[in-house]
Amino acid sequence: MLIRYKRNYEKIAMGLLSFMPNQKDVKKLQQTVKQYETESDHQLFLWKEGEDIIGIIGLKMDDGTAELQHVSVNPSHRHQGIGKKMVDALKKILKDNYQLTANEETSSFFEKCEEEVKLEND
């Protein structure tokens with residue numbers, strides 16, 4: 001289940017973001033989380049299964065576009081389709097109001113999700 005980020009999830013969010021290649025530095029992680037907390041055009045969501053938060057996905061919203069900035073799943077839960085589930089849940093939240101796109105860092109993952117959707121619909 002996709003839930004909106006709240007300040008009390010800060011350490012969990014930083015931990016999940018730290019699995020991304022360019023988010024290893026603590027100062028960089030703190031800046032990233034602060035950006036999601038303070039800038040209204042940035043939105044951060046967490047993926048919760050049972051009582052565990054195992055994934056994170058972040059967006060930058062701009063003129064009808066929601067750009068996928070960050071996506072990360074706890075390594076012990078990878079290769080189970082969690083990332084795709086997060087993207088699908090985001091699309092339902094965004095509905096027709098925003099077109100979901102990806103940035104350079106998330107584009108290969110996003111393209112893979114889109115290919116899987118095409119295969120499912122064939």
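The legends below describe close-up views of a predicted model.

**View 1. Helix α1 and its buried residues.**
Helix α1 spans residues 10-17, and its buried residues are A13, M14, L16 and L17. These residues lie on the same side of α1, because they cover an arc of only 165° around the axis. The elements they pack against are the helix α2 (26-38) together with β2 (42-49), β3 (52-62) and β4 (65-73).

**View 2. L17 in helix α1.**
L17 is found in helix α1 and has a relative accessible area of 0%, so it is buried. Leaving out residues up to four places away in sequence, L17 touches Q23, L29, T32, V33, I56 and H70. L2 is 15 residues from L17 in sequence, and the two are 16 Å apart in space, C-alpha to C-alpha.

**View 3. The largest nonpolar core.**
The largest nonpolar core has 20 residues. Those with the most contacts inside this core are L2, W47, I57, L59, M86 and L100. At least two residues of the core come from each of β2, β3, β4, α3 and α4. Helix α3 supplies the largest share, six residues. A second, separate core has 15 residues, among them Y5, M14, M20 and L46. In soluble globular proteins, nonpolar side chains tend to be buried together.

**View 4. Surroundings of L59.**
L59 is among the residues with the most contacts inside the largest nonpolar core. When residues up to four places away in sequence are not counted, L59 touches Y36, D41, H42, Q43 and F45, and also A66, E67, L68, Q69, L90, L94 and L100. One of these contacts, L100, is likewise listed among the residues with the most contacts inside the core.

**View 5. K60 in strand β3.**
K60 is found in strand β3. Its relative accessible area is 33%, so K60 is partly exposed. Beyond residues up to four places away in sequence, K60 touches D41, H42, T65, A66, E67 and Q69. The C-alpha atoms of K60 and Q43 are 6.5 Å apart in space, while the two residues are 17 residues apart in sequence.

**View 6. The loop between β3 and β4, with D63.**
D63 has its place in the loop between β3 and β4. Phi of D63 is near 45°, a positive value in a residue other than glycine. With 76% relative accessibility, D63 counts as exposed.

**View 7. The loop between α3 and β5, with K95.**
K95 lies in the loop between α3 and β5 (99-102). Although K95 is not a glycine, its phi is positive, at about 45°. The relative accessible area of K95 is 59%, so this residue is exposed.

**View 8. The largest pocket.**
The volume of the largest pocket is about 530 Å³. Its lining consists of 22 residues, of which V73, R78, G83, F109 and K112 lie nearest the centre of the pocket. At least two lining residues come from each of β4, α3 (82-94) and α4 (107-121). Helix α4 supplies the largest share of the lining, five residues. By residue type, the lining divides into nine nonpolar, eight polar and five charged residues.

**View 9. C113 in helix α4.**
C113 is placed in helix α4. Its relative accessible area is 4%, so C113 is buried. Leaving out residues up to four places away in sequence, C113 touches K84 and V87. G81 is 32 residues from C113 along the chain, and their C-alpha atoms are separated by 9.4 Å.

**View 10. S76 in the loop between β4 and α3.**
S76 is found in the loop between β4 and α3. At 54% relative accessibility, this serine counts as exposed. S76 and Q99 are 23 residues apart in sequence, and the distance in space is 31 Å, C-alpha to C-alpha.

Note on methods: Residues numbered from 1 in each chain as written. Predicted model: local features only at pLDDT ≥ 70, side-chain atom pairs only at ≥ 80, totals over all residues. Heavy atoms only, no water. Buried < 20%, exposed > 50% of the residue type's maximum accessible area, 1.4 Å probe, protein only. Helix = DSSP H or I, 4+ residues; strand = E, 2+ residues; numbered from the N terminus. Arc of directions from axis to C-beta. Contact = heavy atoms within 4.5 Å. 1 Å grid on protein atoms, 1.4 Å probe; cavity = no way out; pocket = protein on both sides within 12 Å on 5 of 7 lines; lining within 4 Å. Points joined across faces, edges and corners; volume = space filled by probe spheres on them. Nonpolar A, V, L, I, M, F, W, Y, C, P; charged D, E, K, R; others polar. Core = buried A, V, L, I, M, F, W, Y, C linked by side-chain atoms within 4.5 Å.
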